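Please look over the model below with these notes beside it.

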There are 2 protein chains.
Amino acid sequence: MISKKMEALVKGSSVIRAMFEEGKQMAAKYGAENVFDFSLGNPNVPAPAEVNEAIIDIVNNTDSVKLHGYMSNAGHDEVRAVIAGHLNKEYGTSYSAANIVMTVGAAGGLNVALKAILNPGDEVIAFAPYFGEYNNYVSNFDGKMVIITPDTKSFQPNLTEFEQKITNKTACVIVNSPNNPTGVIYSKETLTKMGEILEKKQKELGRTIYLITDEPYRELAYDGAEVPWVPLFYRNTIVGYSYSKSLSLPGERIGYLVIPSEADDFNDLCGACGVATRILGFVNAPSIMQLVIGKCIDAKTDISYYDRNRNTLYEGLTKLGFECQKPEGAFYLFMKSPIDDEKEFVNIAKKYNLLLVPGSTFMCSGYVRIAYCVSYETVVNSLPKFAELAKELGL
Amino acid sequence: MISKKMEALVKGSSVIRAMFEEGKQMAAKYGAENVFDFSLGNPNVPAPAEVNEAIIDIVNNTDSVKLHGYMSNAGHDEVRAVIAGHLNKEYGTSYSAANIVMTVGAAGGLNVALKAILNPGDEVIAFAPYFGEYNNYVSNFDGKMVIITPDTKSFQPNLTEFEQKITNKTACVIVNSPNNPTGVIYSKETLTKMGEILEKKQKELGRTIYLITDEPYRELAYDGAEVPWVPLFYRNTIVGYSYSKSLSLPGERIGYLVIPSEADDFNDLCGACGVATRILGFVNAPSIMQLVIGKCIDAKTDISYYDRNRNTLYEGLTKLGFECQKPEGAFYLFMKSPIDDEKEFVNIAKKYNLLLVPGSTFMCSGYVRIAYCVSYETVVNSLPKFAELAKELGL
């Protein structure tokens, strides 16, 4: 007697989450050092020392009601102000606390924004490959996902098809850069064109189209690559941020939304996001973690760790004959499956205790995602296994 | 361009939350000591010392990936096991970790359970007066609220009307005891009859009806009153618990669902709650707070504090001629409005800096809710204001 919608979801469940559970079981069976679990984006880099120092400082020096009590649904005002100031310094913007809504991670933030925006039957555009959970988030509010086919050469969004698929039912567009699963950063050129198309279509259709940008990987960019600040390219942008990856806090569920004052119906939108935070059952982002962010705004994870994994993995795999693009950001590598059916490839890889995620999970079959937010040893020790796998497949 | 559903919600917003914001503004204007804000259930008792001790211990002695990383969507297995053991000791049950899903407070838990159960158009029964947010939670999943009129003599549920209103569209029933806003504890007799009616109706209609019991106030019972464990009275019960009130942690968003193994479709229901936790954007309850609960399972808030407020307020108000029932639990007092329109009464009270919540917020007009989880001084100093109010109204 569970809901019909959920029946299908429970059966399908999340391939990634199922693998996470399978990986834990395999680790228990074969020993953790013999399982190469590249399935989940669970950072292996510890949170920066400032985080735990801040927790202890806050616990020792904050009144209990302030520390653990309710605050406004949008979060602690002073933390929101600190975040606004930080963004202003980084991007030359002029945000204040009023532009920030604290959220239960980016997943929470995206649900809040979609709840605020979507009417049943509204269309939401996303560019394949993309994080499959977007489908569920949009379905929560009876939206309809419109998928733009991937450009597998550059993995930049296909803007020609994008323009064609915008209709008067298009309520929003979701982008994610640095991208999960490709590691590609959407370029300034891409964002400029995307902004122009959206402005043009808004006028043409006489409606607002919000651009939601999911940015948990914003701080993870290699070789000095710049991650453009999307609201500078399009007025009606809502930014969803999370500290899950940038501060290695995925289990703590802390992030924020940025709603620029220039966005259409700014006041209503902010009000709706506050109410959505409450009625979806978040009520507010966890208080202690909000206060931690207020103190650790300049803390940074050591990305040289991921960078080393990235280089070792990319070089190792291409040397073995696998085909992949070098990721510019995030901690994923999107590799072409050497055989047509990438699910079959994932199964073969499992024989070597290599856990990969099929690209179809990201609406892009024929590829697999390798999450390299693992220990360096896992990367190094996986390469002989990838070599055996390459040999079996005749690479 | 926000969603139509949200437009109405933003306009109506939460009366309680609006008052919370108003109270903060009034405190800034008149001085906190001159504002008697009885609007929000934000505990004024500090969290027990064990909580902050546990946080520091955990931060100092836990690996960062374990502490701050992802775990299964249902939560840390060992914490779930500790909670199951605690319940077994209290209620003679035989739960295991598999029966527990960690949630983002009870609000998160209720949304997860409703997402798991409801099909659009399904009916959900609740007994007035009840926490108005249930309306929004049910509406999130396109359910239809069916309200049982209050029995204003005892504030126990009206079971005759209940039986009449169960239909083949009834998917679940929500109860809340100790009750917000009345402070009444649903008796064993009530629960026995309720269980019998539900069993009978399930057979008659050939469908499952889940009973969701929202229990954030379970630990707050005065004069040794017993709060019955609802699953012992009805097999298809889902318990939603929160540490917001019992450990004074409302801002931290930590609670759990109990899904007894005897419930219909137990495996599907557990699976659905796990998936719902993920796709609604909670992903998991905050990791550090889960671990804190694992260490503080026997910690208790000092309820003598609330008890003193309860007695002082009840005696003071009745002496002034106000009509109310003495609460048995929670930290709310539900007082009859001396004039028919309780919203008007609330406005008059505001002139004396007394912030009360109209009963219509709880589907029970003609009454007001007084949340006495405030300082003793607030209670004591409010009484002369209530006296002036009584005088103005000719009591």
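The points below cover the basis of the model, the domains, the symmetry and the contact between the chains.

1. This is a predicted model, in which local features need pLDDT of at least 70 and side-chain atom pairs count only at pLDDT 80 or more, while totals for chains, interfaces and linings use all residues. Residues are numbered from 1 along each chain as its sequence is written, and chains are lettered from A, with ligands numbered from 1, in the order in which they are written.

2. Chain A is divided into domain 1 (4–47 + 301–392) and domain 2 (49–295), with bounds that come from an automatic or database domain assignment. The C-alpha centres of these two domains of chain A lie 26 Å apart. Their contact takes 26 residues from domain 1 and 31 residues from domain 2 of chain A, where two residues are in contact if their C-beta atoms, placed from the backbone, lie within 7 Å.

3. Chain A can be laid on chain B by a turn of 180° and a shift of 0.0 Å along the axis, with an RMSD of 0.0 Å, the copies being superposed by least squares on the C-alpha atoms of residues with pLDDT of at least 70 in both. That is the relation of a two-fold axis. Of the residues of chain A, Ile56(A) comes closest to the rotation axis, at 3.0 Å (C-alpha).

4. Between the chains, 70 residues of chain A are in contact with 70 residues of chain B. Because 100% of the interface residues of chain A are also interface residues in chain B, the copies meet through the same surface.
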